[in-house]
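Trainee: I have a protein model open and I'm a bit lost. Could you show me how to read a few of its features?

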Amino acid sequence: MAALRAVSGRRAFLAAGAALLAAGCARGRSPPLPGGEMLSTNYRIGHRLREQGVAAATETRQARVVIVGAGIAGLSAAWRLRRAGFTDFDLLELEDAAGGNARWGENAVSAYPWGSHYIPLPTVEARATRLLLAELGVLTGDPEAPAPEYEERALVQAPQERLYRNGSWSEGLAPARGEGGGEVEQWQRFQARMREMQSSRGRDGRRAFAIPLEHSSRDPRWLALDGITMEAWLRSQGFTSERVRWLVDYACRDDYGCDYRGVSAWAGIHYFACRTGAARNAEHDAVLTWPEGNGFVVRELLRRYGLQVTGGALVHRAEEDARGVRLGIHLAREGRAVEIRAEHVIWAAPFGFAARALADAGLAAAGRSYQYAPWVTANLTLSEPPYAHHGAPLAWDNVLYDSPSLGYVVATHQGLASRPGATVVTWYLPLSGEAPAAGRKRLLSTTRESWARAALAELARPHPEIREIATRIDVFANGHAMVLPRPGLIWGDARRRFSAHRGRIHFAHADASGLSLFEEANDRGVAAAEAVLAALGERPETFRHRT
């Protein structure tokens, strides 16, 4: 979500999760459960092929370029190719629709996100993201300026965030006045340390923590932080405060779907230290958001460029040689298999999926080392906004302190006028307190009704009226939401194999950075597209930042 979060570990998570489900399953105490739909990723296609095998191809055809994956990375690659005047490419997607983690939905009340729902102000290094936002009319000033101007309707409106703790809402996430002096002192010391990290540079002159990641320092002093957990780093620095640890854990679960005991210290610090973007007409911590979240970018790219996406397409084989790439593809909608012989392939799907398709044994082994976080998202359509019974008023981002979830965002928050009508709130629950495989198993075995009851039970703490005003609850289960930046992934051999690969397959997913962030996916997609253009004899000016 928008800022900074946490919970206390595996045992506390499992206990809290069990309590949520138990409370949600209690019967006869409240109105009937609202209707809705249970959605999930197209995991059944892969499971079916794994169990039944792959059918022989009924067609073989040629292609110049194939983009595998229509999330932000794949769409960014398609955008860059189109901007260069190159249109001879196919765009394949396993899911039924484009978007990846930026997918969205909508109903009569509002559009709403199913995944990522905001973009922080892009840094100078995130040049490709700035150029994209300028084309979409979101960045209205000079994209090369240190602090460009942004479209007012995209900048998050106040109040931006609030925190529910001890029965009351408070604005922002910082400790309230009157809390123990030790808590406040450590909070201030942590904030000062992160500001110091923002400006730190390595011996190579690069920023220690930059976004996109490729612009970060390679100084061994900083890279060593990837070898320990964020919890271990906090302990080594004397940060024992409950509030500081809550903040850090919340941040790790927010961006990485993993608690701070499992995230590398480099990734944990990166969350706080990489964001140096600024705007001429907004505060430095403002974000860009829309009712459908980052689905706005997806929708606009599809509309502006008329991009045609082949959905339900599972690439189960990718064999690379000096002349091109042979792709084996199962087309679920047509119930048949085809083979495409492409000159170049831009792989913009998760690398864990690539591991099952790649003929290159080294890359396949590297892909198998990637782990992914399972998530549950629920969109609750409400007849009226939830009421603040005590404390700060409704904000865009509403965080619950002692909770396994991340709280909720309000889809209609960006409306030009505040109105008491119907709204949609999006509730996020990373299954970060258990092993990823166990979390995915629970996703597959838990019904929409159970997840809906869990969401209602948790939101009833700050909003006792939630059951009465909820008119519909749709749930989305995502078994592989984002890569887990465990110690050793970001600056280790597996990621380096993908990012350093040179050949006919160009790896474009955010997994090439080890961080599932918009700017990383966008930059990697643009980089892959420019590498393809260069291989085809084109020499367009780069959209990427030059270090």
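This is a predicted model: local features need pLDDT of at least 70, side-chain atom pairs count only at pLDDT 80 or more; totals for chains, interfaces and linings use all residues.

Trainee: Which kind of contact do the side chains of E185 and R189 make?

Mentor: They meet in a salt bridge, at 3.5 Å from N to O. The general idea is a side-chain nitrogen of Lys or Arg within 4 Å of a carboxyl oxygen of Asp or Glu, so this pair qualifies. By that rule the count comes to 34 salt bridges.

Trainee: Are E185 and R189 buried, exposed or partly exposed?

Mentor: E185 has 39% relative accessibility, so it counts as partly exposed. R189 is partly exposed too, at 32%. Now try R253 and D249, whose side chains meet in a salt bridge at 3.6 Å, N to O. They are four residues apart in helix α8 (residues 242-256), which means about one helical turn separates them.

Trainee: And what is the relative accessibility of R253 and D249?

Mentor: R253 is at 1%, so it counts as buried. D249 is buried as well, with a relative accessible area of 0%. For another buried pair, look at E434 and R442: their side chains form a salt bridge at 2.6 Å, N to O.

Trainee: Which residues are linked in a network of salt bridges?

Mentor: E59, R61, D90, E334 and R336 are linked that way.

Trainee: Okay, on to strands. How many residues of strand β17 are buried?

Mentor: First, the general idea: in a regular strand the side chains alternate between the two faces of the sheet. In β17 (residues 423-430), eight of the eight residues are buried. T423, V425, W427 and L429 sit on one side, with V424, T426, Y428 and P430 on the other, and both faces are covered.

Trainee: Which strands pair with β17?

Mentor: Strand β14 (residues 372-382) pairs with β17 in the antiparallel sense over eight bridges, and L382 has T423 as its bridge partner. Strand β16 (residues 408-410) is also antiparallel to β17, over three bridges. There, V409 stands opposite T426.

Trainee: What about a helix? How many residues of α4 are buried?

Mentor: Seven of the nine residues in helix α4 (residues 127-135) are buried, so call it mostly covered. Those buried residues include R127, A128 and T129. They pack against α3 (72-83), β6 (119-120), β9 (287-288), α10 (295-305) and α17 (518-535). Just after α4, G137 takes a positive phi of about 80°.

Trainee: Last topic: how many aromatic pairs are there?

Mentor: The count comes to 22 aromatic pairs. F351 and Y370 form one that is edge-to-face, 5.6 Å centre to centre with 70° between the planes. F351 lies in helix α11 (residues 351-357) and Y370 in the loop between α12 (361-368) and β14, so the pair ties together parts 19 residues apart in sequence. Both F351 and Y370 are buried.

Trainee: How do F498 and F507 pair?

Mentor: Edge-to-face, at 4.9 Å centre to centre and 80° between the planes. F498 is buried at 2%, and F507 counts as buried at 10%. There's also one aromatic cluster formed by F190, W233, F239, Y271 and F272.

Trainee: Where does the charged end of R80 sit?

Mentor: Over the ring of F543, 3.6 Å from its centre. In another case, R162 lies over the face of W169, at 3.6 Å from the ring centre.

Note on methods
Residues are numbered from 1 along each chain as its sequence is written. Side-chain values use heavy atoms; hydrogens and water are left out. Buried means under 20% relative accessible area, exposed over 50%, partly exposed in between (1.4 Å probe, protein chains only). Helices (H or I, at least four residues) and strands (E, at least two) are DSSP runs, numbered from the N terminus. Contact means heavy atoms within 4.5 Å. Two strands pair if DSSP finds at least two bridges between them. Rings of Phe, Tyr and Trp (its six-membered ring) pair if their centres lie within 6.5 Å; planes under 30 degrees apart count as stacked, over 60 as edge-to-face and the rest as tilted. A charge sits over a ring if NZ of Lys or CZ of Arg is within 6 Å of the ring centre and within 35 degrees of the ring normal.
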